[in-house]
Amino acid sequence: MSTPPLSSPPPSNSARQLMTELQSFGLRLVDPHAGAASRRGGAGPSDHKAVTIDGHTIMVPVHTSTAWASPFVADAPDATGSSALKRGAIPIARIEFPKQPRFYSMQTMDGVPYGHIATLHGSDVLATTILQTCIRYESRRKACKFCAIGQSLAAGRTIAHKTPQQLAEVARMAVLLDGVKHMVMTTGTPPGDDRGAAVLAESAFAIKAAVDLPLQGQCEPPDDDRWFDRMKAAGIDTLGMHLEAVTQAVRERIMPGKATVPIERYLSAFEASVKVFGRGQVSTYILAGLGDTREEILAMCETLVALGVYPFVVPFVPISGTPLEDHPAPDSGWMKSILEPLGAMVSNAGIRAKDIKAGCGKCGACSSLSQYEN
Ligand code: SF4
């Protein structure tokens, strides 16, 4: 697999603008099989495909209703893997699609395809959802309306519980064969007070015994702060606890189950976990476009940055098959009006994407935020 240089030069203003627009509008593909398989369903942002522009790989929606009406269209790749990107009929840039990783052709000793255990995100990130079930998702009344964690399981593209041994085997081979640089482990929330911290810790322990790979764990705040020390001791380098929305009204409307954990608990968990993982090594996802205003998002980001937390603001992607599939994706001008001041905010606080050891903030493919940092 070809990977971009470790530190690509900063993008030009026009490339940055194009990335923000592509993530809002999405992209139509003349050849839907170009590059690595697109991602459908699963936890977190989905229905998108990795696209490399100016040496930077971003995830661009391709399977959403917004994308089908996008003004952007990519021609089929030529023999070198490069495609013409057009706005309407006018060519505006050359883009590339990261290739299908080699580890996808293998299967575990117990017969599970590696791609059902973990997938390639961006250009060099291995990502897995350890538990593909979630206490929130089991009831329509409580489920997060943007989430598709059950879709890939129902379609047979993944398994319900990836064991530590399976994860270690796949991680080792993804490093050896495809040169992945870090790994994201998220999980559906299991019953119990640890909220997934235990399964993250046991998985990290097995992976770190097999391969030297920086790891991010993602879960809801556990009830007991001592889980942060345990996760760190097990080999987790960075932690993500995802607010998703920043006001209680939007949280209750969009994610009624998860909203029962108050924002105050997130803030106290951020404070405790930054003491363990370090400034800038704890992050949170904020989905822009679900109802929070620009001012509300930026005010929460100020609070988070003061705590040493990296606020990874991403444009909401309306995933097909979810209750929000027809909800509009946010306008690119509105996204820019958040990402520009936020890029300056995190840069001034010294908690930039490039300083993060592992995870979504470091990968940066789901948001053009890092392109606005200096
Ligand atoms: S930002 Fe996170 S969810 Fe998005 S592609 Fe990168 S690792 Fe995957």
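Begin by selecting helix α1 (residues 13-25) together with helix α11 (residues 332-349); in this predicted model, the two helices pack with their axes 9 Å apart and at an angle of about 125°. That angle makes α1 oblique to α11. The crossing in which α1 passes α11 is right-handed. To display the contact itself, show the side chains of Gln17, Thr20, Glu21, Ser24 and Phe25 on α1, and of Ser332, Met335 and Lys336 on α11. Two packed helices are described by the angle between their axes and the distance between the axes.

**The sheet**

Next, select the strands β7 to β13. They form an open sheet of seven strands, in the order β7-β8-β9-β10-β11-β12-β13, and the pairing is mixed. Which strands stand at the edges? They are β7 and β13 (309-315); each has a single partner strand, so one side of each is left without a neighbour in the sheet. On average, and with direction ignored, neighbouring strands of this sheet are turned by 30° against each other. Strands of a sheet pair through backbone hydrogen bonds, either parallel or antiparallel.

Now select strand β7 (residues 119-121) and β8, which run antiparallel and are joined by three bridges. Together, β7 and β8 form a hairpin with three residues between them. In the turn, Gly122 has a positive phi of about 55°. Across the pair, Leu120 stands opposite Leu126 in β8.

Is strand β8 (residues 125-129) largely enclosed or left open? Five of its five residues are buried, so β8 is largely enclosed by the rest of the structure. In a regular strand the side chains alternate between the two faces of the sheet. In β8, Val125, Ala127 and Thr129 lie on one side, Leu126 and Thr128 lie on the other, and all are buried.

**The other end of the sheet**

Move to strand β12 (residues 282-288), which pairs with β13 in the parallel sense over seven bridges. Within this pair, Leu287 stands opposite Val314 in β13. Then select helix α10 (residues 294-307): it packs on the sheet, touching β12 and β13, and its direction makes about 150° with that of β13.

In soluble globular proteins, nonpolar side chains tend to be buried together. The largest nonpolar core here has 90 residues, of which Phe146, Met183, Met185, Met231 and Val313 touch the most other members. Helix α9 (residues 263-277) supplies the largest share of this core, seven residues. Select Val313 and its surroundings: beyond its neighbours within four places in sequence, Val313 is in contact with residues including Ile286, Ile297, Met335, Leu342 and Leu369. A second, separate core of 16 residues has Met19, Leu22, Leu27 and Val60 among its members.

**A buried arginine**

Finally, select Arg136, in the loop between β8 and α4 (149-154). Is Arg136 buried or exposed? Its relative accessibility is 9%, so Arg136 counts as buried, the cut-off being under 20%. Leaving aside neighbours within four places in sequence, Arg136 is in contact with Lys142, Ala143, Arg195, Glu220, Gly257, Lys258, Thr260 and Val261.

Conventions:
Residues are numbered from 1 along each chain as its sequence is written. This is a predicted model: local features need pLDDT of at least 70, side-chain atom pairs count only at pLDDT 80 or more; totals for chains, interfaces and linings use all residues. Side-chain values use heavy atoms; hydrogens and water are left out. A nonpolar core is a set of buried Ala, Val, Leu, Ile, Met, Phe, Trp, Tyr and Cys residues joined through side-chain atoms within 4.5 Å. Buried means under 20% relative accessible area, exposed over 50%, partly exposed in between (1.4 Å probe, protein chains only). Helices (H or I, at least four residues) and strands (E, at least two) are DSSP runs, numbered from the N terminus. Contact means heavy atoms within 4.5 Å. Two strands pair if DSSP finds at least two bridges between them. Axes are lines fitted to C-alpha atoms, for helices over the stretch in contact, and angles run from 0 to 180 degrees between N-to-C directions. Angles under 35 degrees count as roughly parallel, over 145 as roughly antiparallel, 65 to 115 as roughly perpendicular and the rest as oblique. A crossing is left-handed if the near helix is turned anticlockwise from the far one by less than a right angle, and right-handed if clockwise.
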